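Welcome! Try each one yourself before reading the worked solution.

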Amino acid sequence: MTQNDLGTAFGALIGSDHVLTDPDSRGRYAHDRLPYANFRAREGALVGTLPDVVVRPGSTEDVVAIVRKAAADDRPLIPYGRGSGVLGGIIPLGHEIMVDLRRMNRILDLDRENNLVTVEAGMNGEDFEAALNEAGYTSGHLPQSLTISTVGGWAACRGGGQESSRFGKIENIVVGLEAVMPDGNILTVRPLPKRASGPSILDLIVGNEGTLAIITRLTMRIWKLPEAETVIVLALPDRGAALSLARRIMQAGLHPRIVRIYDEKETRGRVEGIAAFAARPVMANIVLCGEPGIVAAEADLVRGFAAELDAVETETAPFDDWRAHRYTSITKQWLDKGYYNDTIEVTVNWSRVASLYDTIAARIAAVAPDAHFSAHWSHVYPEGVCQYMTIRLPPMEQDKALPLHAELWEIATGETLRHGGSIAHHHGSGLFRAPWMDAEHGEGMAVLRKIKAALDPQNLFNPGKLGFAPRPGSIDPYRDRAPDADQNG
């Protein structure tokens, strides 16, 4: 069936104005913001291929019609929000239909008594948060991608916002949803406080990245905008002291809005001219918010904890600058200069975070002396922390850079697994982390594959992602990565 034939068939279901078949339009859906895909794009190449057609449903009923038509024709589907993902979760590998949900962009209900909001999955994150702010609320979910992502994408990728230490990640915020299953049936999870009625269906769908279901609407917790806020910027003698402070704060039961700790490299670029950092080269930004009395009490505790660690409180300018630019990514500026810049976020327990950082830094320096490696810790919890790492290779020939880039990923991811950590905190897994999914989940991956086979026996929903099998004849997305990398941890 040609693209025009496909367009005519789906246009009959949802209207021809909502179907795209021309190559230029389809090309805009060929990849997300996966750095590896951007590296290849500089050479005019794709990691995968173009989708066969793009459809833009306006309702759950439209999605049902699309899914049933695709199943009847044995056509794979990929749900699409804004393409802000960085792990290749929406890259087509062969003859997929792209289901762009951005027309489904409304807040359907604001429940002030229960502090809940129901929203369609295609609503842009910035628009969603602005609407809530106008009503006196916040979603509590503020990722760096806020302006270029969708609410449904947050849930599909099990994302985490910059204030997750207080409000939780998206799986802690979503309490109900509606989704279309591979057989075209509609799944509804009612928004209730807690359940003890068997395994969580909600948790099966949140984080599925379109492989098990297409999320069409979500019911989420919301919070009143805080009445008070205190910002504390600290200079600390070393990384160990800063991480100890974060652990103490979380294990003491405090609820900071933001905790951001930068290693020496990342601190240096943010604190020029502030004398305290000459002797104390590690910065921690702590933000507390809520009822005025609670904020004052928590601020006193934080300052007391900090004093015990020889920390010095400084001006708030570094934090103010970060907040002013918190939704701006710097990756493109390096890409435009020919560098190979990437980020990797993992999680690990407090007891192993120092060793993980030191081991990865040493191994990367040994393999690629000219590579940049740095990290910060911006999502902290009582049991551990997210380590968010930046790796960057200087301009070089791509046939040399891509295998080296793959080796750096193997070092960071493999060492995380060897240190008992998890390979992903909030970016999801998509295509690029698929080779490590078996090591991440162990027998759990076999369970997930059985669930995938039962729910999607035709393998129609986003095939080849999350470690699930691609469809026969799919493009091999790993053909330019190191062939002998140990990707099992």
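## Exercise 1: A pocket and its lining

The second largest pocket is lined by 33 residues, and those nearest its centre are Arg 158, Ser 422, Ala 424, Glu 440 and His 441. Keep in mind that this is a predicted model.

**Task.** Find the volume of the second largest pocket, the helices and strands that each supply at least two residues of its lining, and the classes into which the lining residues divide.

**Solution.** 
- Step 1: start with the space. The second largest pocket holds about 720 Å³.
- Step 2: look for the elements around it. Helix 8 (170–173), helix 9 (201–205) and helix 17 (437–441) each supply at least two residues of the lining, as do strand 16 (340–349) and strand 18 (384–393).
- Step 3: sort the lining by class. There are 13 nonpolar residues, 13 polar residues and seven charged ones.

## Exercise 2: Two helix pairs

**Task.** Describe how helix 1 packs with helix 4, then do this for helix 10 and helix 12.

**Solution.** 
- Step 1: take the geometry of the pair made by helix 1 (residues 3–14) and helix 4 (residues 60–73). Their axes come within 9 Å and cross at roughly 145°. The crossing of helix 1 and helix 4 is right-handed.
- Step 2: list who meets whom. Helix 1 brings Ala 9, Phe 10, Leu 13 and Ile 14, while helix 4 brings Asp 62, Ala 65, Ile 66, Lys 69 and Ala 70. By class, the contact of helix 1 with helix 4 has seven nonpolar residues, two charged residues and no polar ones.
- Step 3: move to helix 10 (residues 239–251) and helix 12 (residues 292–308). Their axes lie 10 Å apart, at an angle of about 145°. Helix 10 passes helix 12 in a right-handed crossing.
- Step 4: name the partners. From helix 10 come Leu 245, Arg 248 and Ile 249, and from helix 12 come Val 302, Phe 305, Ala 306 and Glu 308. The contact of helix 10 with helix 12 counts five nonpolar, no polar and two charged residues.

## Exercise 3: Buried or exposed?

**Task.** Decide for each of these residues whether it is buried, partly exposed or exposed: Ile 261, His 405, Arg 166 and Ala 366. The cut-offs you need are under 20% relative accessible area for buried and over 50% for exposed, with partly exposed in between.

**Solution.** 
- Step 1: Ile 261 lies in strand 13 (residues 258–262). Its relative accessibility is 1%, so Ile 261 counts as buried. Setting aside residues up to four places away in sequence, Ile 261 touches Ala 242, Leu 243, Ala 246, Val 282, Met 283, Ala 284, His 376 and Trp 377.
- Step 2: His 405 belongs to helix 16 (residues 398–418). At 1% relative accessibility, His 405 is buried. Beyond its neighbours within four places in sequence, His 405 is in contact with Tyr 36, Phe 39, Asp 342, Ile 391, Leu 393 and Phe 432.
- Step 3: Arg 166 sits in helix 7 (residues 164–167). Its relative accessible area is 27%, so Arg 166 is partly exposed. Its contacts, leaving aside neighbours within four places in sequence, are His 255, Pro 256, Arg 257, Cys 289 and Gly 290.
- Step 4: Ala 366 is part of helix 15 (residues 350–367). With 63% relative accessibility, Ala 366 counts as exposed.

## Exercise 4: Sequence and space

**Task.** How far apart in sequence and in space are Ile 261 and Phe 319, Ala 366 and Gly 338, and Arg 166 and Phe 10?

**Solution.** 
- Step 1: Ile 261 and Phe 319 are separated by 58 residues in sequence and by 11 Å from C-alpha to C-alpha.
- Step 2: for Ala 366 and Gly 338, the values are 28 residues in sequence and 23 Å, C-alpha to C-alpha.
- Step 3: Arg 166 and Phe 10 are 156 residues apart in sequence, with 44 Å between their C-alpha atoms.

## Exercise 5: Positive phi

Most residues other than glycine have a negative phi.

**Task.** Where do Glu 209 and Leu 466 lie, and what are the phi values of Glu 209 and Leu 466?

**Solution.** 
- Step 1: Glu 209 is placed in the loop between helix 9 and strand 10 (214–221). Although not a glycine, Glu 209 has a positive phi of about 55°. Glu 209 is buried, at 9% relative accessibility.
- Step 2: Leu 466 lies in the segment after helix 18 (443–455). Leu 466 is not a glycine either, yet has a positive phi of about 60°. At 9% relative accessibility, Leu 466 counts as buried.

Note on methods: Residues numbered from 1 in each chain as written. Predicted model: local features only at pLDDT ≥ 70, side-chain atom pairs only at ≥ 80, totals over all residues. Heavy atoms only, no water. Axes fitted to C-alpha atoms, helices over the stretch in contact; angles between N-to-C directions. Helix = DSSP H or I, 4+ residues; strand = E, 2+ residues; numbered from the N terminus. Left-handed = near helix turned anticlockwise from the far one by under 90°. Contact = heavy atoms within 4.5 Å. Nonpolar A, V, L, I, M, F, W, Y, C, P; charged D, E, K, R; others polar. 1 Å grid on protein atoms, 1.4 Å probe; cavity = no way out; pocket = protein on both sides within 12 Å on 5 of 7 lines; lining within 4 Å. Points joined across faces, edges and corners; volume = space filled by probe spheres on them. Buried < 20%, exposed > 50% of the residue type's maximum accessible area, 1.4 Å probe, protein only.
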